[in-house]
Amino acid sequence: MSTDPPGFELPLRLFMGFRVLIDELHAELARQGHPDMRPMHGFVLQAIGTQGITAAELGRRLGVSKQAAGKTIDTIERIGYVERGTDPHDARRKVVRLTERGFDCLARSARIFDDLRAAWAATLGEDRLRALEADLRTMTPSDVFRIDVPGWFGGYQ
């Protein structure tokens with residue numbers, strides 16, 4: 001009889017690790033003045049980036065419909081993380097850009113993730129954490145910054 005855990009446990013444990021980190025991130029963001037941020041919003045802010053993006057481009061990057069992207073833009077605009085404007089090179093294009101609050105949230109998120117990684121290193125040991133990270137790099141595609149997870153989870157792809 002095998003003592004190996006069942007195969008389905010691996011993706012569940014990886015997802016739970018992701019969930020623990022994201023939940024801790026959002027709890028700390030709330031303490032630091034960003035209580036309205038939700039996990040989906042982080043994907044959106046990353047997809048918008050520093051240059052801005054149209055709703056159609058955002059939908060493609062996230063793997064969701066233009067309408068779904070537009071609803072999300074509405075939500076995060078209402079809470080102050082993005083603003084809509086026209087493209088200075090093409091007045092027909094409506095571009096969504098991060099506000100100062102959006103940039104602040106991304107900067108804080110980066111620092112919090114560094115702190116969370118340090119906490120994991122303190123618990124597991126730096127060598128074990130580095131080995132885990134190296135193993136995950138071996139087993140996953142090199143384009144680590146894929147942001148189409150919302151569409152993938154939602155079945156858009």
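This is a predicted model: local features need pLDDT of at least 70, side-chain atom pairs count only at pLDDT 80 or more; totals for chains, interfaces and linings use all residues.
Local features need pLDDT of at least 70, side-chain atom pairs count only at pLDDT 80 or more, and totals for chains, interfaces and linings use all residues. Residues are numbered from 1 along each chain as its sequence is written, and side-chain values use heavy atoms, without hydrogens and water.

**View 1. Strands 1 and 2 form an antiparallel pair.** Residues 82-87 and 90-98 share 6 bridges. Pairing requires at least two DSSP bridges. Strands are DSSP runs (E, at least two residues), as are helices (H or I, at least four), numbered from the N terminus. A hairpin of 2 residues links the strands. Val82 has Leu98 as its bridge partner in strand 2.

**View 2. Helix 3 (residues 55-62) has four buried residues: Ala55, Leu58, Gly59 and Leu62.** Buried means under 20% relative accessible area, exposed over 50%, partly exposed in between (1.4 Å probe, protein chains only). These residues lie on the same side of helix 3 because they cover an arc of only 100° around the axis. The arc is taken from axis-to-C-beta directions. Gly63 follows helix 3, with a positive phi near 75°.

**View 3. The largest nonpolar core holds 23 residues.** Such a core joins buried Ala, Val, Leu, Ile, Met, Phe, Trp, Tyr and Cys residues through side-chain atoms within 4.5 Å. Leu45, Ile48, Leu58, Leu62, Ile76 and Val82 touch the most other members. Helix 2 gives the largest share, 5 residues.

**View 4. Leu124 sits in helix 5.** Leu124 counts as partly exposed because its relative accessibility is 32%.
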